[in-house]
Amino acid sequence: MLEVHDLHVSYGDIRALSGVTLAVGRGEIVALVGPNGAGKSTLLKCIAGLLRPRAGAIRWQDESLVGVAGHLIVERGLALVPEGRRLFAGMSVQENLELGAFAARARGAQSANLERVYALFPVLSERRRIAVRALSGGQQQMVAVGRALMSRPALLMLDEPSLGLAPRLVASILDALVEINRAGVAVLLVEQNVQAALTLAHRGYVLESGRILGAGPGPEILRDPHVRQAYLGPLAVAPDAS
Amino acid sequence: MRALAQQLVLGLLIGGLYGLAAAGLSLIFGVLKVLNVAHGELIVLGGYGAFWLFTLYGLDPFVALVLVVPASLLLGIGLYATLFGFVVRADEETRIKNSLLIGFGLALALQALAVRLWTADERSIPTPYGGAALSISDLSLPVIRLLSLGIAFGLILGVQLLLEHWRWGKAIRATAEDWQAALLAGIDVRRAYLLAFAIGTALAGATGVLVTIGYSVSPSIGLEWTLKALIVVVLAGLGSMIGTFVGGLLLGVAEAASAAAFGGPYREVVGLVLFVVVLIVRPRGLFGR
């Protein structure tokens, strides 16, 4: 459904991505892991139309996304939950969610979608009139995910949704992703929480210094000695050894 | 005592127009992060619009608002399409610099155009009801300036309601807060920019009409109005139209008070002092978000 082929991106002289190839199939959860500065956010920003690649192809349902304006990419069914949530802080929970349904593809179904988001995150329903800046970090992340869902995406991309959240909240956000995925939405998840991300993903990619260094089913990547060493720490016990 | 009260009231009445002038500038600056220093010249154009409609067709200047405001809206769309639309493609720091260059150039061009079309003379619009005044206890309130204040407030309230309830109004606010997040929400931010610029320009046109009704217009007053508007924007802060209006009233009253206390020439000084004090003490302004 989404195919990224040989993507190159630079910030001035600094190369952020050097020939990244990656795919997300219909209904899949794909995790993208790697250290800080590997280019994970850059890749998502390129797909979402916030950045233009220097070379390479991004194809979505067999049409190129390179050079398409960001709001039209939303219109085609891709949504990004950006790093740091980027909510409209002065507005209420409901206003933030409603703005997520700005795209023409979502406008008709706005109230039905709103109910679905509130069903997914009941705590937001109680706080719908409250300005988002008054919410906790976890609730803000729920609004960010909810806002992206309001555009009725076929592919939901998330950039570090667990960043700065307590473990219990991380679990509830990730549970929500599984539930969203069950409803038929493909998920491309960038996470620093490598173990959790690869456990729930169907497939994963390892991105380092702008290159894909490994790909495969989540559990397989988790067993890879290099990945264990680099992301799970030297003391991590291999699942086979336990 | 009576003279002082009278001066303060007159200050309040012109302050409403400062607020209206600033509302347009504030909207454009807050959303596009672009400073249009030709804002005062757009006010001047609006004023001459009303002057022309009166002189050529005998149209009442308050009625002229109905024509000048939409015409200014279209002018705003034109200016965005030809000049300012290119500025917003740059990142936010570069925008300010580029917009200053474009704004100063536009201001000079519009000034020259105004001198050519209407000469450098001061123009005003004599209406049959121009001299009417309302007397409240000892105070005398010129009817046309009272009406102008009411219209200024009505326009600002209207824009505030648009921003709060209209679909694109919300999109404009979202774009002002974080244009990338707005883009990710599926908002065409270029269109939000265009709308904000056009509405801001329409407010400038309306200001010009009211200035010409209550006072007078000449090609050289543009810079003065840009400065007043800028002072009010700094004083009030970004993000609230009503706050900007209140900021305008404050500046008008402060000017009148300092003219009464220190003499006429000090009228202009107080605004600049306020400007500096607010920047030091409360950089986001009195009502800024």
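In which hand, left or right, do helix 10 of chain B and helix 11 of chain B cross? The tour reaches this question at its second stop; the model on display is predicted.

**Stop 1: where the chains meet**

Select chains A and B together. Their contact draws 19 residues from chain A and 14 residues from chain B.

**Stop 2: a helix pair in chain B**

Next, select residues 241-262 of chain B, which form helix 10, and residues 267-281 of chain B, which form helix 11. Two packed helices are described by the distance between their axes and by the angle between those axes. Here the axes come within 7 Å and cross at roughly 130 degrees; helix 10 of chain B and helix 11 of chain B are therefore oblique to each other. The crossing of the two helices is right-handed, which settles the opening question.

Display the side chains of the contact. Helix 10 of chain B provides B:Leu251, B:Ala254, B:Glu255, B:Ser258 and B:Ala259, while helix 11 of chain B provides B:Arg267, B:Val269, B:Val270, B:Gly271 and B:Leu274. By class, the residues of this contact are six nonpolar, two polar and two charged.

**Stop 3: B:Arg267**

Centre the view on B:Arg267, which lies in helix 11 of chain B. Is B:Arg267 buried, exposed or partly exposed? It has 17 C-beta neighbours inside 10 Å and therefore counts as partly exposed. Setting aside residues up to four places away in sequence, B:Arg267 touches B:Glu255, B:Ser258 and B:Ala259. For a distance check, pick the C-alpha atoms of B:Arg267 and B:Gly252: they are 9.4 Å apart in space, and the two residues are 15 apart in sequence.

**Stop 4: strand 7 of chain A**

Move to chain A and select residues 155-159, which form strand 7. Five of the five residues of this strand are buried, so strand 7 of chain A is largely enclosed by the rest of the structure. In a regular strand the side chains alternate between the two faces of the sheet. In strand 7 of chain A, A:Leu155, A:Met157 and A:Asp159 point one way, and A:Leu156 and A:Leu158 point the other.

Strand 6 (residues 78-81) of chain A pairs with strand 7 of chain A in the parallel sense over four bridges. Strand 8 (residues 186-190) of chain A also pairs with strand 7 of chain A in the parallel sense, over five bridges.

Finish on A:Met157. In strand 7 of chain A, A:Met157 stands opposite A:Leu80, and its bridge partner in strand 8 of chain A is A:Leu188.

Note on methods: Residues numbered from 1 in each chain as written. Chains lettered and ligands numbered in written order. Predicted model: local features only at pLDDT ≥ 70, side-chain atom pairs only at ≥ 80, totals over all residues. Contact = placed C-beta atoms within 7 Å. Axes fitted to C-alpha atoms, helices over the stretch in contact; angles between N-to-C directions. Parallel < 35°, antiparallel > 145°, perpendicular 65-115°, else oblique. Left-handed = near helix turned anticlockwise from the far one by under 90°. Nonpolar A, V, L, I, M, F, W, Y, C, P; charged D, E, K, R; others polar. Buried ≥ 20, exposed ≤ 12 C-beta atoms within 10 Å, placed from the backbone. Pairing = 2+ DSSP bridges.
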